[in-house]
Amino acid sequence: MLAISACAAVGTAVPAAAQVDDARMRKVEAEVRALQRKVFPGGDGRFFNDGTTAGTSQTDTGLPPATSALTDVLARLDAMETRIANLTAQVESNTNTLARLSGRVAALEPTPPATPATASGVGANTSSADANLSAMSGGASAASKPSVPAAPAAAKPAPPSAERLARVQAITKPDTGDAGEDEYTYGFRLWEAKLYPEAQQQLRLYVEKYPQHRLISYGRNLLGRAYLDDGKPKEAAPWFVKNYDEDMNGARAGDSLLFLAEAMTAINDTSRACIALAKFGEVYPALATGRLQGQYDADRAKVKCK
């Protein structure tokens with residue numbers, strides 16, 4: 001009897017234990033499904049089974065399959081990143097290729113010729129006034145431009161005599177507070193005293209040091225006259241041309257055209273002398289019939305212009 005009772009007790013205990021284990025299993029599965037809903041809110045049967053879908057087993061854990069939608073998204077992102085990297089590398093390669101081609105094309109293009117120096121020999125820039133001066137006048141060709149080569153470098157002068165030094169020392173340099181005007185006035189006084197080499201040196205200093213001074217038109221014109229009066233028409237001509245070119249409305253631009261005609265006449269260049277005279281009459285009719293009429297008529301009488 002005891003044996004039978006023991007067996008009965010054992011037989012009863014086994015189903016009871018299995019039931020406990022099954023309950024525990026269902027509890028664990030419910031907790032897993034609850035965790036899934038927490039991690040994947042709004043999830044549906046395409047991703048996991050929460051036990052509420054018809055036809056599914058309550059014992060199904062609902063874990064996502066090996067190949068889920070998230071896995072597909074990650075794979076597509078990896079593919080897109082790889083494609084972007086390839087495209088970036090291709091763009092960089094194309095940019096480098098275009099840069100090399102541009103360099104080769106630039107190397108094959110011809111270099112533009114350098115701008116020739118002006119025929120006057122006193123500057124590389126050709127102003128509108130210079131272009132007008134070189135235009136045909138009275139049938140003269142553009143090749144008849146009233147210009148001359150730049151003055152050659154002056155030879156080293158001999159030491160001045162005591163008499164000349166005394167004459168130069170007798171010329172006082174003013175001190176008015178306007179340094180530019182003082183330099184010009186000193187040069188004018190040297191020229192007026194017929195100390196032409198000294199005047200040339202002094203006036204050149206003024207012209208180079210004060211190119212924007214209010215008396216610069218006077219200074220350039222007087223510098224040309226200092227050479228012309230010294231018997232150096234070739235050295236004088238570039239300064240007359242420059243004075244006209246730099247500012248045709250300058251106070252002594254018209255005077256420079258007449259002195260240029262005189263310098264050209266002195267070197268027997270009648271063609272250029274005639275162009276300078278014609279340009280003076282065209283640009284400065286008031287001077288031609290006013291302040292400079294006497295000089296204009298005298299200069300025209302020295303040459304035979306067509």
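A crossing is left-handed if the near helix is turned anticlockwise from the far one by less than a right angle, and right-handed if clockwise. This is a predicted model, in which local features need pLDDT of at least 70, side-chain atom pairs count only at pLDDT 80 or more, and totals for chains, interfaces and linings use all residues. Residues are numbered from 1 along each chain as its sequence is written, and side-chain values use heavy atoms, with hydrogens and water left out.

**View 1. The crossing of helices H10 and H12.** H10 spans residues 270–283 and H12 spans residues 293–302. Helices are DSSP runs (H or I, at least four residues), numbered from the N terminus. The two axes come within 10 Å and cross at roughly 150°. Axes are lines fitted to C-alpha atoms over the stretch in contact, with angles from 0 to 180 degrees between N-to-C directions. H10 and H12 are therefore roughly antiparallel (over 145 degrees). Their crossing is left-handed.

**View 2. The residues where H10 meets H12.** H10 brings Leu277, Phe280 and Gly281. H12 answers with Tyr296, Asp299 and Arg300. Contact means heavy atoms within 4.5 Å. By class, the contact residues are 3 nonpolar, 1 polar and 2 charged. Leu, Phe and Tyr count as nonpolar, Asp and Arg as charged, and Gly as polar.

**View 3. The protein around the helix pair.** The protein has 12 helices and 0 strands. Among contacts between residues at least 6 apart in sequence, 56% join residues at least 24 apart.

Technical notes: Helices (H or I, at least four residues) and strands (E, at least two) are DSSP runs, numbered from the N terminus. Angles under 35 degrees count as roughly parallel, over 145 as roughly antiparallel, 65 to 115 as roughly perpendicular and the rest as oblique.
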